[in-house]
Amino acid sequence: KKNIIIDCDPGIDDSLALLLALQSEGFNVVGITIVSGNAPATIGAQNALKVLRLVDRLDIPVYIGAEEPLKVPFESAQDTHGEDGLGNSRIPFVTSVQPKANAISFIKNTLKQNPNTTVFALGPLTNIALALKEDPNCFAEISRFIVMGGSYLSHGNCSPVAEYNFWCDPDAAKFVFSQNLPVSIEMVGLDVTRKIVLTPTILEYMKHTDEQIYQFIQQITQFYFDYHWEHETVLGCVINDPLTIAYALDPTLAKGFNSHVEIATTGISRGQSIVDDHNFWQLPNNSYILTDVDQTAFWHLFLSRVCKAEGS
Ligand code: BDR
Ligand code: CA
């Protein structure tokens, strides 16, 4: 089994990503670290526990990390994800287990003690940046680093050019991309994640699968459906984060290219991921940018793992 750490800000789509990872036998989730993003970190941690309870995995530790971005004031995405970060679903709190403190130490120590761990970053990169600032070598033995964030040719989702995770903490994103990490940053950006739409038809199909999982997904996505219909005239909701997990499980699901990427931090380009696809800067590649995804293959994988759907 592959050891993985999931750094996230649950978050409706983060929760779906957690479900996919937890329901996939190839992965051993050694810990879930929480950063402020879609919701403040304390709320996000509670949401991670709700997901763990659903699949009876409260043995997996949840660690709270950075409450605020490195430099800019924190702006959550509770308008999109609900006050509770889970679409105002009123799922009861988990009281039997408490989240732990110090996500940054957990990330550093785990990566040192367990070579070949894969790290997923599904929220602003604050926790990852802080871990690398405290110990620039902590990624030395990592297996893969897969990030949901940024966009290449697609427009932004919180400014004309910026995707939320990089926009929320642009200084952390800039720092992480400039670290000459020993592995390429696998950038799963809006170019591909926008194509992953949970439609009413897919949700309807889930009804015939695992009852509890269906109820949970239905409850947390209702608000997201309404938001997408109202603001983006999309019938269904875009779920960004689960593609990172699916792609790690099945690399044939998506493809891209290697390039050098930098993140802008201020002004109208705040949070923009600038991909030097023509090699103007003559700098070494630091990223692998996904550009194409097989949506049908994604849904087959998601439904068979998360919902235990047969015949998919
Ligand atoms: C990203 O921002 C959040 O709203 C989602 O959880 C995802 O990680 C998409 O821009
Ligand atoms: Ca997220």
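Biologist: What makes up the shell around ligand 1, class by class?

Modeller: In this predicted model, the shell holds 7 polar residues, 4 nonpolar ones and 4 charged ones. Gly11, Asp13, Glu163, Tyr164 and Asn240 come nearest among the 15 residues around the ligand. Two helices, H1 (12-22) and H6 (164-168), each supply at least two residues of that shell.

Biologist: And how confident is the predictor about the chain and the complex?

Modeller: The chain has an average pLDDT of 96, and 99% of the residues score at least 70. For the complex, the ipTM is 0.99 and the pTM is 0.97.

Biologist: Back to Gly11, then. What is the peptide bond from Pro10 to Gly11 like, cis or trans?

Modeller: That bond is cis, with omega near -5°. Most peptide bonds are trans. Gly11 itself sits in the loop between strand E1 (2-8) and H1.

Biologist: How many residues of H1 are buried?

Modeller: The count is 11 of its 11 residues, including Asp13, Asp14 and Ser15 along with Leu16 and Ala17. H1 also matters for the count in the largest nonpolar core, which has 97 residues: H1 gives the most to this core, with 8 residues. Ile6, Leu18, Ala21 and Ile34 touch the most other members. Leaving out residues up to four places away in sequence, Ala21 touches Ile4, Ile6, Phe27, Val29 and Ile245.

Biologist: How do you know that the span of helix H2 agrees with its number of residues?

Modeller: H2 covers residues 41-54, and at 1.5 Å a residue its 14 residues should span 20 Å; the end C-alpha atoms are 20 Å apart, so the two values agree.

Biologist: Why is H2 called mostly covered?

Modeller: In H2, 12 of the 14 residues are buried, among them Ala41, Gln46, Asn47 and Lys50. What covers them includes H1, strand E2 (27-34), strand E3 (62-64) and helix H10 (211-232). H2 is followed by Asp56, whose phi is positive, near 60°.

Biologist: Why is Thr265 called buried?

Modeller: Thr265 has 20 C-beta neighbours inside 10 Å, and the cut-off for buried is 20 or more, so Thr265 qualifies. Thr265 is in the loop between strand E10 (261-263) and strand E11 (273-275). Beyond four places in sequence, Thr265 is in contact with Pro170, Asp171, Lys174 and Arg270.

Biologist: What makes Tyr214 partly exposed?

Modeller: Tyr214 has 18 other C-beta atoms within 10 Å. Buried needs 20 or more and exposed needs 12 or fewer, so 18 falls in between. Tyr214 lies in helix H10 and, apart from residues up to four places away in sequence, touches Met206, Lys207, Thr209 and Cys307.

Conventions. Residues numbered from 1 in each chain as written. Chains lettered and ligands numbered in written order. Predicted model: local features only at pLDDT ≥ 70, side-chain atom pairs only at ≥ 80, totals over all residues. Near = placed C-beta within 6 Å. Helix = DSSP H or I, 4+ residues; strand = E, 2+ residues; numbered from the N terminus. Nonpolar A, V, L, I, M, F, W, Y, C, P; charged D, E, K, R; others polar. Core = buried A, V, L, I, M, F, W, Y, C linked by C-beta atoms within 7 Å. Contact = placed C-beta atoms within 7 Å. Expected span 1.5 Å × (residues − 1). pLDDT = per-residue confidence, 0-100.
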